[in-house]
Amino acid sequence: MSRYIVKRLVAAIISMFFLITITFFLMHAIPGGPFSAGERKDLNPEIIEAIRARYGLDQPVWKQYLNYMAKLLQGDMGVSYKKTNYTVNELIGLGFPISGEIGIIAIVIALVFGIPLGVVAALKRGSWADMASMIFATIGISIPTFVIAMLLMYEFCMKHSLLPTFGWGEIRHLILPVICMCLSPIANITRLCRSSMLEVSRQDYVRTARAKGVGEGSVIFKHMLRNAILPVVTYLGPLVAALMTGSFAIERLFMIPGMGRYFVNAVTDRDYTVIMGLTIFYGAFIMLCTLLVDIAYAFIDPRVRFED
């Protein structure tokens with residue numbers, strides 16, 4: 001196990017290197033910049049050049065890359081070009097707890113509803129419960145998140161004035177964003193759990209357990225669900241990383257001060273340091289979640305073994 005973890009960590013470091021390098025050079029390949037003349041028409045060219053020199057943007061791109069990597073190895077992601085009072089580390093520290101809170105709630109709700117719906121749909125295959133679950137799953141996957149957000153805002157905010165359209169700090173501010181972010185995961189988990197349960201139900205060990213007179217509850221939860229849950233666990237890796245680091249559309253629509261909104265603003269403002277910092281954080285987080293999911297396999301399914 002330890003050897004496997006070391007290999008994955010080395011692979012993660014190599015992947016992060018390529019992620020940082022590709023993102024850095026692609027970002028600088030786009031015409032313009034945070035202090036270009038087209039972005040700041042209120043300043044004369046001399047002032048713009050002085051600002052660029054202050055942040056080292058007048059240097060060749062390869063030199064900027066080396067300087068950035070040297071600071072990054074020390075844990076310094078730089079200062080935001082637009083929010084000059086904040087470092088990128090501070091912005092991540094402010095935004096991640098907010099995005100993480102919404103993400104954790106959405107993940108818990110997705111698991112609580114998605115797994116039972118998938119199990120029921122598989123056990124009652126062809127029944128109205130199965131059809132209703134699949135209709136819900138299809139709708140949840142097909143409709144974009146921002147469309148669901150707009151419909152909910154119209155119904156609960158504009159039409160009936162039950163919930164706020166924006167803001168943060170109260171429980172009511174969480175309701176609509178969490179609903180929007182958990183619908184698609186519920187649909188995906190339902191489909192994954194249903195298809196996996198149907199596949200497992202045809203296995204010989206399930207037939208053997210029933211032939212031995214094992215109770216149906218034990219067959220479902222001990223023999224079927226334990227093996228059918230593996231695809232859901234695989235899906236949880238990228239899902240946790242995606243939801244806990246913030247949704248671009250949802251945080252923008254509901255004016256939530258999370259990481260997703262920071263990223264959208266950084267791209268719009270061409271805030272290079274914030275773009276790089278959030279990209280690195282997201283990449284590292286998704287690699288960590290994937291590693292934890294792979295390790296969890298060995299504990300969920302004893303048949304899975306890693307090389308030592």
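Valine 200 counts as buried at 8% relative accessibility, where buried means under 20% relative accessible area, exposed over 50% and partly exposed in between, with a 1.4 Å probe and protein chains only. This residue belongs to helix 7, and helices here are DSSP runs of H or I with at least four residues, numbered from the N terminus. The model is predicted, so local features need pLDDT of at least 70 and side-chain atom pairs count only at pLDDT 80 or more, while totals for chains, interfaces and linings use all residues. Residues are numbered from 1 along each chain as its sequence is written, and side-chain values use heavy atoms, with hydrogens and water left out.

- Leaving aside neighbours within four places in sequence, valine 200 is in contact with Tyr205, Val206, His223, Met224, Asn227 and Ala228; contact means heavy atoms within 4.5 Å.
- From C-alpha to C-alpha, valine 200 lies 7.2 Å from asparagine 227, although 27 residues separate them in sequence.
- Threonine 190 also sits in helix 7, which covers residues 172–201.
- With a relative accessible area of 0%, threonine 190 is buried.
- Not counting residues up to four places away in sequence, threonine 190 touches Gly114, Leu117, Gly118, Ser133 and Met134.

**Where helix 1 meets helix 3**

- The axes of helix 1 (residues 2–29) and helix 3 (residues 61–72) come within 11 Å and cross at roughly 140°; axes are lines fitted to C-alpha atoms, over the stretch in contact for helices, and angles run from 0 to 180 degrees between N-to-C directions.
- That angle makes helix 1 oblique to helix 3, because angles under 35 degrees count as roughly parallel, over 145 as roughly antiparallel, 65 to 115 as roughly perpendicular and the rest as oblique.
- Helix 1 contributes Phe17, Ile20, Thr21, Phe24, Phe25 and His28 to the contact, and helix 3 contributes Val61, Trp62, Gln64, Tyr65, Tyr68, Met69 and Leu72.

**Positive phi in two loops**

- Serine 161 is not a glycine, yet its phi is positive, at about 55°.
- You can find serine 161 in the loop between helix 6 (145–159) and helix 7, and its relative accessible area of 58% makes it exposed.
- Arginine 270, another residue other than glycine, has a positive phi near 55°.
- Arginine 270 is placed in the loop between helix 12 (259–269) and helix 13 (272–300), and is partly exposed, with a relative accessible area of 24%.
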